[in-house]
Amino acid sequence: VCTRDLLESSHLPGDLEKPLDAMVSRLTSHKGIELITQAIWRILETGAYFILLGSGADSDEGYFQHVRDTMPAQVGVYFGYNNSLAHQIEAGADMFLMPSSYEPCGLNQMYSLKYGAVPIVRGVGGLDDTIRNFEPTSGRGNGYKFYEYSTGRLIEKFYEAMMVYYDRETWRKLQLNGMHEDFSWDSSAHNYL
């Protein structure tokens, strides 16, 4: 329901068989935006949707507007900040991209887990602390992460996630793993004690 609603509000075809990849971020090198600009065409050639909410330099916004204009049936872009739209994107996305160059904590990966959007992150700072690489054979893990700051590693993890996405039962297990995570203060205080 959330995915269908997001596709409709983004003026994209309502094909629920295609994965919906999303990013909600400032468009800065800190957030790994150059990795996304280098990877976006490889992501789109799989047939996946991509929705971006964020703001940054005119050159970055212009680039993503060009991507949107070139692939209007697959891409939605929203420039600026909109909290309700950010949550709508988290709730409707299948995969959430967060390839930060550094990230002291990070909140969006935790939001995406709760919404059932599988994070694909660079294993740095809080992203490394909160995301465990999914292992289909054991069913353990809550997302995908890579360490080397490179487009190639991001694409590898994206393809790895895509392979699991089409195995609906395993994908649901991965989503539920994330949705059952508890990053609340109750849990943190208990672990501290």
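Predicted model: local features only at pLDDT ≥ 70, side-chain atom pairs only at ≥ 80, totals over all residues.
1. Residues are numbered from 1 along each chain as its sequence is written, and side-chain values use heavy atoms, leaving out hydrogens and water.

2. Now the sheet. It is open, with 6 strands in the order β3-β2-β1-β4-β5-β6 and parallel pairing (strands are DSSP E runs of at least two residues, helices H or I runs of at least four, numbered from the N terminus; two strands pair if DSSP finds at least two bridges between them). β3 and β6 (144-146) sit at the edges with a single partner strand each, so one side of each has no neighbour in the sheet.

3. Back to Tyr 78, which belongs to strand β3 (residues 75-79). Strand β2 (residues 49-56) is joined to β3 by 5 bridges, and Leu 53 has Tyr 78 as its bridge partner. Leaving aside residues up to four places away in sequence, Tyr 78 touches, among others, Ser 9, Ile 51 and Leu 85 (contact means heavy atoms within 4.5 Å).

4. Have a look at Asp 94, in the loop between α4 (83-92) and β4 (95-98). Asp 94 is buried yet has no salt bridge (a Lys or Arg side-chain nitrogen within 4 Å of an Asp or Glu carboxyl oxygen). The nearest side chain of opposite charge, Arg 168, is 5.2 Å away.

Note on methods. Buried < 20%, exposed > 50% of the residue type's maximum accessible area, 1.4 Å probe, protein only. Lys, Arg positive; Asp, Glu negative; His and termini not counted.
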